[in-house]
Amino acid sequence: MLMRQIEKYVNENRFAGITLSTNKYAPAPNFYRKNGFVDCEHVLFMADIRLLFRSSNDTATFHCCKHYTKYP
């Protein structure tokens, strides 16, 4: 299993741990919780939505912070 290989690599190389990023509204968080992962309340995930747009004519919907933001 891929996760076991990652855990082995982390342990062998003495990394602090594994950090996952996933959509909190998808089934994935529950899967990871069942496999020993915990929610890290001290971690804040941030994004610069300006980087999503290459020109002033671009429009897109970006999902962030529990709501949809229309930008620009």
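Predicted model: local features only at pLDDT ≥ 70, side-chain atom pairs only at ≥ 80, totals over all residues.
**Entry 1**

I looked up aspartate 39 and found it partly exposed, at a relative accessible area of 46%. Residues are numbered from 1 along each chain as its sequence is written, and side-chain values use heavy atoms, with hydrogens and water left out.

Which side chain does aspartate 39 meet in a salt bridge? I find arginine 33 as the partner, at 3.0 Å from N to O. The term requires a side-chain nitrogen of Lys or Arg within 4 Å of a carboxyl oxygen of Asp or Glu. Arginine 33 is also partly exposed, with a relative accessible area of 39%.

Side chains of opposite charge can pair when their charged atoms come close.

I turned next to glutamate 7, which forms a salt bridge with arginine 4; their closest N and O atoms are 3.0 Å apart. Why are these two residues separated by about one helical turn? They are 3 residues apart in helix H1, which covers residues 2-12. Helices here are DSSP runs (H or I, at least four residues), as are strands (E, at least two), and both are numbered from the N terminus. Glutamate 7 is partly exposed at 24% relative accessible area, and arginine 4 is partly exposed at 47%.

I then looked up lysine 8, whose salt bridge is with glutamate 12, the closest N and O atoms lying 3.6 Å apart. Both residues belong to helix H1 and stand 4 residues apart, about one turn of the helix. Are they buried or exposed? Lysine 8 is exposed at 52% relative accessible area, and glutamate 12 is exposed at 53%.

**Entry 1. Aromatic rings**

I searched the whole structure and found 3 aromatic pairs. In one of them, tyrosine 32 and phenylalanine 37 are edge-to-face, with 5.6 Å from centre to centre and 75 degrees between the planes. Rings of Phe, Tyr and Trp (its six-membered ring) pair if their centres lie within 6.5 Å; planes under 30 degrees apart are stacked, over 60 edge-to-face, and the rest tilted. I record that Phe31, Tyr32 and Phe37 form one aromatic cluster. Tyrosine 32 is partly exposed, its relative accessible area being 23%.

**Entry 2. The loop between H1 and H2**

I looked up leucine 20, which is found in the loop between H1 and H2. What does leucine 20 contact, leaving aside its neighbours within four places in sequence? I find Tyr32 and Phe37, where contact means heavy atoms within 4.5 Å. The C-alpha atoms of leucine 20 and phenylalanine 37 are 8.9 Å apart, although 17 residues separate them along the chain. Leucine 20 is partly exposed at 35% relative accessible area.

Threonine 22 also has its place in the loop between H1 and helix H2, the latter being 28-34. Not counting residues up to four places away in sequence, threonine 22 touches Ala28 and Pro29. From threonine 22 to tyrosine 32, 10 residues along the chain, the C-alpha separation is 9.9 Å. At 42% relative accessibility, I class threonine 22 as partly exposed.

Arginine 14 lies in the loop between H1 and H2, and I find its phi near 55 degrees, a positive value in a residue other than glycine. Most residues other than glycine have a negative phi. Arginine 14 counts as exposed, at 78% relative accessibility.

**Entry 3. Cysteine 40**

I located cysteine 40 in the loop between H2 and strand E1 (60-64). Cysteine 40 and threonine 19 are 21 residues apart along the chain, and their C-alpha atoms are separated by 9.4 Å. Cysteine 40 counts as partly exposed, at 43% relative accessibility.

**Entry 4. The whole chain**

I close with totals. The protein has 2 helices and 2 strands, in the order α-α-β-β from the N terminus. Of its 72 residues, 10% are buried. Among contacts with a separation of 6 or more, 15% join residues 24 or more positions apart.

Conventions
Buried < 20%, exposed > 50% of the residue type's maximum accessible area, 1.4 Å probe, protein only.
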